[in-house]
Amino acid sequence: MPSPSSQPQRTGRPARISRADIVASANAVIEADGVEKLTMRRLATELGCTPMALYHHVRDKEDLLRLLLNDYADSVVWPDLPEEPRRRVRVAARAMHDALAPRPWVVEILAADDLLGVSALWVTESIVDGFVAGGLSLERAVQAYRAVWHYTAGNLIVAARSARRAGQDRPTFRAQVFAELDADAYPRLAALGSDYVSLAAQDTYELGLDALIEGLLRMP
């Protein structure tokens, strides 16, 4: 007689998974451990299915990330835009910033300049259109948009990393340095002392954005 198997036999059909299930579980993994920990195998474990089952919905991790980006971009409610070109660019850029701020991992992916959520092209179109309306050629308007995007992405990445560091709740090396600066070598910074750290932590996004927009609109 054949010996009984030492492994329990699965019965019934495998659990069905939907794209909504995949998006929810993938986002949960990213929020818990970061986008670098999101793999097809890890996601399959979270969903209680085999990796092969996932391939019926997404081809690979890049396809999965594209799905996540599109799902998030589709959920954003973009604001109405003013007619005045400078304000139009400003409102669209602020909307981009505010949409990305809760999910800094999205910025890291978009910074690679490959994947994107198609619905988020509203931002690109709106900012380019605003710069054209402000007098720039279409080619210059694209360059101006890229400058705004780079500024916004940099601001969000720095803010996210600073927030993680602040969450560790211990004195930073920067705070120690500024508390003991040589006034002869660094008179302005020494006058601020440890106040510099709190000043540097303030949100200056709109201050820089306004200056950037004004400068870009003066490009020949």
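Let's start in the middle: the largest nonpolar core has 53 residues, and L38, L54, I127 and F131 touch the most other members. A nonpolar core here is a set of buried Ala, Val, Leu, Ile, Met, Phe, Trp, Tyr and Cys residues joined through side-chain atoms within 4.5 Å, where buried means under 20% relative accessible area with a 1.4 Å probe, protein chains only. This is a predicted model, in which local features need pLDDT of at least 70 and side-chain atom pairs count only at pLDDT 80 or more, while totals for chains, interfaces and linings use all residues. Residues are numbered from 1 along each chain as its sequence is written, and side-chain values use heavy atoms, with hydrogens and water left out.

- Two or more core residues come from each of helix 1 (19-33), helix 2 (40-47), helix 4 (61-75), helix 5 (85-100), helix 6 (104-110), helix 7 (121-133), helix 8 (138-166) and helix 12 (205-217); helices are DSSP runs (H or I, at least four residues), numbered from the N terminus.
- Helix 8 gives the most to this core, with 8 residues.
- Leaving out residues up to four places away in sequence, I127 touches V89, A92, A93, M96, Y145 and V148 (contact means heavy atoms within 4.5 Å).

**The largest pocket**
- This pocket holds about 610 Å³ of space, a volume being the space filled by probe spheres set on grid points joined across faces, edges and corners.
- On a 1 Å grid over the protein atoms alone, a pocket is an open set of points where a 1.4 Å probe fits, with protein on both sides within 12 Å along at least five of seven lines; lining residues have an atom within 4 Å of a point.
- V158, S162, R174, A200 and A201 are the closest to the centre among its 19 lining residues.
- Helix 8 supplies the largest share of the lining, 7 residues, and helix 9 (173-179) and helix 11 (195-200) also give two or more.
- The lining splits into 8 nonpolar, 6 polar and 5 charged residues.

**The second largest pocket**
- About 410 Å³ of space lies here.
- Of the 22 lining residues, L110, L116, A120, T124 and Y145 lie nearest the centre.
- Helix 4, helix 5, helix 6, helix 7 and helix 8 each supply at least two lining residues.
- By class, this lining has 17 nonpolar, 2 polar and 3 charged residues.

**A look at N155**
- N155 sits in helix 8 and touches H97 and Y205, not counting residues up to four places away in sequence.

How values were computed:
Buried means under 20% relative accessible area, exposed over 50%, partly exposed in between (1.4 Å probe, protein chains only). Ala, Val, Leu, Ile, Met, Phe, Trp, Tyr, Cys and Pro count as nonpolar, Asp, Glu, Lys and Arg as charged, and the others, Gly among them, as polar.
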